[in-house]
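Colleague: I'm new to this one and would like to learn how to read it. Could you walk me through it?

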Amino acid sequence: ASKPFVSFTAINVGLIVFLLTTQCSWRKFGEKLVQKSMAPKLDKIIWIMNLGSVCCVKVLNLNCSKYFSGPYGDDVLFIANDWHTALIPCYLKSMYQSRGIYVNAKVAFCIHNIAYQGRFSFSDFSLLNLPDEYRSSFDFIDGYEKPVKGRKINWMKAGILESHRVVTVSPYYAQELVSGVDKGVELDNVLRKTCITGIVNGMDTQEWNPATDKYTDVKYDITTVMDAKPLLKEALQAAVGLPVDRNIPLIGFIGRLEEQKGSDILVAAIHKFIGLDVQIVVLGTGKKKFEQEIEQLEVLYPDKAKGVAKFNVPLAHMITAGADFMLVPSRFEP
């Protein structure tokens, strides 16, 4: 009988998550990586990002749950998330399975946001240390002049073609991605050929359970929510330095600060409605100009608004629990 598979999630950048340990560190690193040509950095980071992910599951004692600890071994399912880990299926095949290692391993490539694909100069393919037979999987031509004009390599395209299964974060998004060039961002034809499955991207019901949430002082369930919410609102107001008043409507926003998430819409709207009897707390990181704008909110409206441009898990829980309304001004959401 064949051995059952266990899963290892190579979260976005593989082993680099272990090295940098914080999302904030990766965000700053990733911004620099995306904004500049890959060529100067690729040969230095590629081994850490993808080969490290493949290697570490055999040797690292991950202690991932109370049901399992220790190295995963050879029979694994790699879950590669977005373009940052799209090289994993290529390296798995060319450098491991060709040598009799990870023979039974599979890769499921998960698309969280197809707008970010990892498009780089075609000449950079030589830096990937892959056989020429993979060149066609990366080959891509678009109408943009960045990072270079003309022929490019596309990491996400290769991840889609070389993985055993392609999934995304909801059935509806799966339908969107194959509906046309705009929604599929020029990879719709590739996805139609390979097939994509939508699996609803849920939340951790233990971490976000209001009855046991370790980040909130007042616990509640469906029977006590009306009594708890005013207390949680007051705790949030006190924590961010706003006047404590349970009768003032409190609006919350948690998300990445970029155009897709409607950060520009958010800032423009705040200036228009902040004159009302209302408070707002904004939490997020992203583009520097948006971070600066939300940090200026408390300067412009000291008793009405608070902007926090940091990655802050406890505050995210407090906002979710204490806010009366949550703003989601996204232009599109997977």
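Colleague: Let's start with a pair of helices. How are H10 and H14 oriented to each other: roughly parallel, roughly antiparallel, roughly perpendicular or oblique?

Modeller: Keep in mind that this is a predicted model. The general idea is that two packed helices are described by the angle between their axes and the distance between the axes. Here, H10 and H14 (residues 313-322) pack at about 140 degrees, and their axes lie 8 Å apart. Angles over 145 degrees would count as roughly antiparallel, so at about 140 degrees this pair is oblique. The crossing is left-handed.

Colleague: Which residues of H10 and H14 meet there?

Modeller: On the H10 side you'll find Lys229, Leu232, Lys233, Ala235, Leu236, Ala239 and Val240. Facing them in H14 are Leu315, Met318, Ile319, Thr320, Ala321 and Gly322. Sorted by class, that contact has nine nonpolar residues, two polar ones and two charged ones.

Colleague: Lys233 is on that list. Is Lys233 buried or exposed?

Modeller: The cut-off for buried is under 20% relative accessible area. Lys233 has 4% relative accessibility, so it counts as buried. This lysine sits in H10, which covers residues 225-240.

Colleague: And what does Lys233 touch, leaving out residues up to four places away in sequence?

Modeller: Lys233 touches Asp245, Arg246, Ile248, Pro249, Leu250, Gly322 and Asp324. One of these, Gly322, also belongs to the H14 side of the helix pair.

Colleague: What about the chain as a whole? How many of its contacts join residues at least 24 apart?

Modeller: If you take contacts between residues at least 6 apart in sequence, 74% join residues at least 24 apart. The chain has 334 residues, and buried ones make up 44% of them. Its secondary structure comes to 14 helices and 12 strands.

Colleague: Which residues are buried in H4?

Modeller: They are Ile88, Pro89, Cys90, Tyr91, Leu92, Ser94, Met95 and Tyr96. That's eight of the nine residues in H4, so the helix is mostly covered.

Colleague: Now backbone angles. Which residues other than glycine have a positive phi?

Modeller: Asp82 and Glu186 are two to look at. Asp82 has a phi of about 65 degrees and lies in the loop between strand E2 (76-81) and H4 (88-96). Glu186 has a phi near 70 degrees, and its loop runs between H8 (181-184) and H9 (188-194). Asp82 counts as buried because its relative accessibility is 9%, while Glu186, at 26%, counts as partly exposed.

Colleague: Last one: where does pLDDT stay under 50?

Modeller: The general idea first: where pLDDT is low, the predicted coordinates should not be read in detail. In this model, pLDDT stays under 50 over residues 1-45. The model has 86 contacts beyond four places in sequence for that stretch. Over the chain, the mean pLDDT is 83, and 78% of the residues reach 70 or more.

Conventions:
Residues are numbered from 1 along each chain as its sequence is written. This is a predicted model: local features need pLDDT of at least 70, side-chain atom pairs count only at pLDDT 80 or more; totals for chains, interfaces and linings use all residues. Side-chain values use heavy atoms; hydrogens and water are left out. Helices (H or I, at least four residues) and strands (E, at least two) are DSSP runs, numbered from the N terminus. Buried means under 20% relative accessible area, exposed over 50%, partly exposed in between (1.4 Å probe, protein chains only). Contact means heavy atoms within 4.5 Å. pLDDT is the predictor's confidence in each residue, from 0 to 100. Axes are lines fitted to C-alpha atoms, for helices over the stretch in contact, and angles run from 0 to 180 degrees between N-to-C directions. Angles under 35 degrees count as roughly parallel, over 145 as roughly antiparallel, 65 to 115 as roughly perpendicular and the rest as oblique. A crossing is left-handed if the near helix is turned anticlockwise from the far one by less than a right angle, and right-handed if clockwise. Ala, Val, Leu, Ile, Met, Phe, Trp, Tyr, Cys and Pro count as nonpolar, Asp, Glu, Lys and Arg as charged, and the others, Gly among them, as polar.
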